[in-house]
Amino acid sequence: MRVLAINDISCAGKCSLTVALPVLSACGATVDILPTALLSTHTGGFTGYTFLPLDDEMEKICAHWETLPLKYDVICSGYLGSRSQIEFVKSVKQRFLKPDGIFVVDPVLGDNFKFYKGFDEAFAAQMRTLCGLADYILPNDTESFLLTGEKDPEKALSALAKICPHPIITGADTAEGYFLYYYDGENKKIPLRKVEGSFHGAGDVFASAFAGCIGGGMPLKDALTLCIEFCYRSILRTQTEVPDKKYGMNYEKELFILTDAFKSL
Ligand code: PXL
């Protein structure tokens with residue numbers, strides 16, 4: 001399985017490509033990367049970070065790849081720095097995804113019901129159009145709200161199912177408890193064990209594992225169950241091992257969950 005991960009490089013504070021590479025590799029994937037921006041740290045909780053958008057390089061990298069040629073079984077996109085990058089990712093899908101390939105979009109927009117720095121309504125509207133081209137989308141509760149205007153996860157999921165065959169809301173609190181919501185012909189949900197606190201990079205850990213599992217041929221429910229376990233164990237480890245949560249998740253010693261699952265596949 002050859003995977004293209006489109007995401008930023010945040011040099012410190014584990015997220016994006018520094019997470020995608022090891023996690024997808026643990027699923028047995030050969031991973032190529034298309035960096036969207038180079039930052040000293042991610043933007044969540046740090047101040048004074050550097051930010052270099054890589055739009056020009058992305059164009060040049062793809063022009064070179066077309067001479068090789070390269071085609072991908074899976075393309076997964078995450079943090080995109082501008083509306084023009086969203087448009088560019090659409091063309092990357094067209095140029096480099098195999099006809100039967102899988103396009104996974106993590107519509108990175110915000111958390112705790114707020115936009116990340118630099119994003120706004122217009123950016124969310126454009127991200128919605130990228131979601132419309134995806135086979136799977138992985139918004140968190142904030143992102144599903146920003147994409148649909150619906151706070152209720154069941155209603156948000158139904159709205160997202162109108163634009164993408166398999167939306168997955170990675171975690172949402174309701175009166176009945178804390179669930180992952182996904183659409184597979186109908187609305188479905190899986191209960192999650194809640195760990196108090198906010199864990200930066202958890203969405204990237206989950207999205208990378210999911211892209212690896214689904215690209216590796218796992219049925220949807222099995223892929224979700226395994227990724228939930230991998231994430232939960234990583235969160236528990238992070239809770240005790242990482243004093244400052246903005247530095248990201250300690251998922252490394254849980255990668256065996258993925259390598260074990262892919263041993264015989
Ligand atoms: O984890 C999502 C993410 C990815 N990349 C950058 C970010 C964030 C969230 O804050 O700032 C640069």
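I first wrote down that buried means under 20% relative accessible area, exposed means over 50%, and partly exposed lies in between, with a 1.4 Å probe and protein chains only. The model is predicted, so I noted that local features need pLDDT of at least 70 and side-chain atom pairs count only at pLDDT 80 or more, while totals for chains, interfaces and linings use all residues. Residues are numbered from 1 along each chain as its sequence is written, and side-chain values use heavy atoms, with hydrogens and water left out.

Entry on burial. I looked up Trp-65 and found that Trp-65 is buried, at a relative accessible area of 11%. Phe-96 also counts as buried, at 1% relative accessibility.

Entry on ring pairs. I noted that rings of Phe, Tyr and Trp (its six-membered ring) pair if their centres lie within 6.5 Å, and that planes under 30 degrees apart count as stacked, over 60 as edge-to-face and the rest as tilted. I found 8 aromatic pairs in the structure. One of them is the tilted pair of Trp-65 and Tyr-72, with 6.3 Å centre to centre and 55 degrees between the planes. Trp-65 also pairs edge-to-face with Phe-96, at 5.9 Å centre to centre and 90 degrees between the planes. Trp-65, Tyr-72 and Phe-96 form one aromatic cluster.

Entry on charges. A charge sits over a ring if NZ of Lys or CZ of Arg is within 6 Å of the ring centre and within 35 degrees of the ring normal. I found Lys-151 over the face of Phe-113, at 5.0 Å from the ring centre.
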